[in-house]
Amino acid sequence: MDVVGLGESSVDYINLLPHVPGAPGVPSKLRISSQFVAVGGQVATMLAACSALGLRARYLGTVGNDDNGRRIREELERRGVDLSSLIVHEATSRFAIILVDESTGERTVLWHRDGRLTLGETEAIEPSAFDARVLHVDGVDEEAAIRAARVASARGVRVTSDLDRVTDRTPELVAAVSVPIFAEDVPAALTGEADQERALRKLRKHHPGLLCVTLGPGGSMALDGDRLVHVPAFPVDAVDTTGAGDVFRAGFVYGMLAGWPTRDMLQFANAAAAISCTRVGALAGTPSLDEVNALLERRDPLPAPQEV
């Protein structure tokens, strides 16, 4: 395998609305413009995007033994993700209700996860499970992610992350990961520094590897040694931002496995994420390699990235 992903999958109930509920001037009751059901979840989406880019991807995570678990398995298999390490628990699968603002593409996610989906102490840590070039983890089952990252690192496997929240265990998980990729709010929550550069440089004191943060419309940023690299986002008419961060991580891993410089990894990942924003749904938004390359070829040359 090129990539093994340990973490979340989900069935998403997506509702498109004319505006975000609760915004100034927006009524408390809104008619749903359209709705549909799709498979998502941050690691499942990342792996589907890896597969769409031509990487060999395997999912190491839990689903329930319900209809939604079957839906998740069928969709991932259809998209070429290896399910030989899938773990089925007697539980209801994770689901999310997603409200998408049609005017901006921004979304609100309401989710539920059955506690019985939690990985047990003896699950997902067999060394043979990490026969891959990259292990990608999220922070959903932190104990399992930390153990898996440590086992993989001991085998010489690079470990990337999807960290979108902060708990008491987050610093431990960051330390276990080779290349932490943070959601926009996480560096500030970990360091108390609102400025992204200062936050990354503060994190550098405790982590020697490449540090990356996604910035939504602001693009992405990485601290490579002492050099800060910021690449702006590709401007697109966003329809749904669900899964954009997951697709970014797939693009980042693609570039990392190709041995590209940090700037090129960020640019490619930004392009992949931009395409995903033009489509509704998480897995449904994953672009092909040809589509990402076409966007890279069409746009004007990027301004020189910020380097310090």
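**Overall size.** I began with the radius of gyration of the protein chain in this predicted model, and found 18 Å, which agrees with the value near 19 Å that a compact globule of 308 residues would have. I then looked up the extent of the C-alpha trace, which spans about 50 × 45 × 40 Å along the principal axes of the protein chain.

**Secondary structure and contacts.** I noted nine helices and 14 strands in the protein chain. I also looked at how far apart in sequence the contacting residues lie: among contacts between residues at least 6 apart, 68% join residues that are at least 24 apart.

**Surface and charge.** I found that buried residues make up 54% of the 308 residues, and that the accessible surface of the protein chain comes to about 13,300 Å², with 50% of it belonging to carbon and sulfur atoms. For the charges I recorded 31 positive and 42 negative ones in the protein chain, and their mean positions are 1 Å apart.

**Cysteines.** How many disulfides does the count come to? I took a disulfide to be a pair of cysteine sulfur atoms within 2.5 Å, and by this rule the count comes to zero. Cys50 is in no disulfide, and the nearest cysteine sulfur to its own, that of Cys212, is 14 Å away. Are Cys50 and Cys277 buried or exposed? Cys50 has a relative accessible area of 0% and is therefore buried, and Cys277 is buried too, because its value of 11% is under the 20% cut-off.

**Phe130.** I located Phe130 in the loop between β8 (107-112) and β9 (134-138), and its relative accessible area of 1% makes this loop residue buried. I also checked Phe130 against Leu60, which is 70 residues away along the chain, and found their C-alpha atoms separated by 9.4 Å.

**Asp162.** Where is Asp162 found? I placed Asp162 in strand β10, which covers residues 158-162, and with a relative accessibility of 4% Asp162 counts as buried. I then listed what Asp162 touches, leaving aside residues up to four places away in sequence: the residues are Gln42, His136, Val137, Asp138, Gly139, Ile181, Asp246 and Arg249.

Note on methods: Residues are numbered from 1 along each chain as its sequence is written. This is a predicted model: local features need pLDDT of at least 70, side-chain atom pairs count only at pLDDT 80 or more; totals for chains, interfaces and linings use all residues. Side-chain values use heavy atoms; hydrogens and water are left out. Helices (H or I, at least four residues) and strands (E, at least two) are DSSP runs, numbered from the N terminus. The radius of gyration is taken over C-alpha atoms; the globule rule is 2.2 Å times the number of residues to the power 0.38. Buried means under 20% relative accessible area, exposed over 50%, partly exposed in between (1.4 Å probe, protein chains only). Contact means heavy atoms within 4.5 Å. Accessible areas come from the Shrake-Rupley method with a 1.4 Å probe; for residues, only the protein chains shown count as cover. Lys and Arg count as positive and Asp and Glu as negative; His and the chain ends are not counted. The place of a charge is taken as NZ of Lys, CZ of Arg, CG of Asp or CD of Glu.
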